[in-house]
Amino acid sequence: MNEPLTFQDALRQAKSIWIGCQWPTQFGSSRLNLEGLRSRQAGIAEKATRGEESRCWGGAAIWLAAVEHDAALAGELAEQAVRAAQAGENVEAQRLLGEAVALEQKYREPIVYQPLLKRFEQSIALQSCCS
């Protein structure tokens with residue numbers, strides 16, 4: 001029987017799930033599917049191609065770098081939320097998790113940090129009703 005994940009385990013899992021573009025795309029005039037690609041790879045494709053295709057890959061590299069940055073920032077915000085919660089600062093923890101959700105929401109329907117936020121809110125509700 002599997003034991004339920006601790007909040008920190010769920011955070012680690014969330015950070016490993018969203019590290020970049022992990023969903024189908026149709027980016028730019030070439031309608032590139034960037035799923036699973038990193039900005040570095042798109043930069044290599046930019047240099048290996050010419051003309052419009054090269055420009056499209058260049059734009060993709062910039063966009064992917066932004067996705068990767070926001071994914072890392074969301075992970076850091078979630079880590080800060082864990083520290084805030086451990087210090088008893090539940091409102092701050094909730095705010096930080098909300099920011100992580102908003103970052104993910106810029107790109108897709110939140111599937112990583114939204115469940116983490118809901119789990120945290122449920123644990124707060126459980127603590128207040130049962131303490």
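Is Glu 79 buried, exposed or partly exposed, and what is its relative accessible area? Glu 79 is partly exposed, at 23%, where buried stands for under 20% relative accessible area, exposed for over 50% and partly exposed for what lies in between, computed with a 1.4 Å probe on protein chains only.

1. Basis of the note. This is a predicted model, in which local features need pLDDT of at least 70 and side-chain atom pairs count only at pLDDT 80 or more, while totals for chains, interfaces and linings use all residues. Residues are numbered from 1 along each chain as its sequence is written, and side-chain values use heavy atoms, with hydrogens and water left out.

2. Confidence. The mean pLDDT of the chain (the predictor's confidence in each residue, from 0 to 100) is 89, and 91% of the residues score at least 70. Confidence is highest in α2, at 98, and lowest in α5, at a mean of 78; helices here are DSSP runs of H or I with at least four residues, and strands are runs of E with at least two, numbered from the N terminus. Where pLDDT is low, the predicted coordinates should not be read in detail.

3. Salt bridges. The whole structure has nine salt bridges, each being a side-chain nitrogen of Lys or Arg within 4 Å of a carboxyl oxygen of Asp or Glu. One of them joins Glu 79 to Lys 15, with the closest N and O atoms 2.1 Å apart, and this pair links helix α3 with helix α1 across 64 residues. Lys 15 is partly exposed, at 32% relative accessibility. Arg 38 and Glu 68 form another, with 3.4 Å between the closest N and O atoms; here Arg 38 lies in the loop between α1 and α2 and Glu 68 in helix α3, 30 residues apart. Glu 68 counts as buried at 14% relative accessibility, whereas Arg 38 is partly exposed at 32%. Glu 92, Arg 95 and Glu 99 are linked in a network of salt bridges.

4. Aromatic pairs. Six aromatic pairs are found in the whole structure, counting rings of Phe, Tyr and Trp (its six-membered ring) whose centres lie within 6.5 Å, with planes under 30 degrees apart called stacked, over 60 edge-to-face and the rest tilted. Trp 18 and Tyr 107 make a tilted pair, 6.2 Å centre to centre with 55° between the planes, and these two residues are 89 residues apart, in the loop between α1 and α2 and the loop between α4 and α5 respectively. Trp 18 is buried at 1% relative accessible area, and Tyr 107 also counts as buried, at 17%. Ring pairs join Trp 18, Trp 23, Phe 27, Trp 63, Tyr 107 and Tyr 113 into a cluster.

5. Cysteines. There are zero disulfides, a disulfide being a pair of cysteine sulfur atoms within 2.5 Å. The sulfur of Cys 21 has its closest cysteine sulfur in Cys 56, 13 Å away, which is too far for a bond. Cys 21 is buried at 2% relative accessible area, and Cys 56 counts as buried at 5%.

6. Phe 7, Ala 10, Leu 11 and Ala 14 are buried in α1. Seen down the helix axis, the buried residues of α1 fall within an arc of 105°, so they line one face of the helix, the arc being that of the directions from the axis to the C-beta atoms. Arg 12 and Ser 16 are exposed on the other side of α1. Arg 31, in the loop between α1 and α2, has a positive phi of about 55° although it is not a glycine, and is exposed at 51% relative accessible area.
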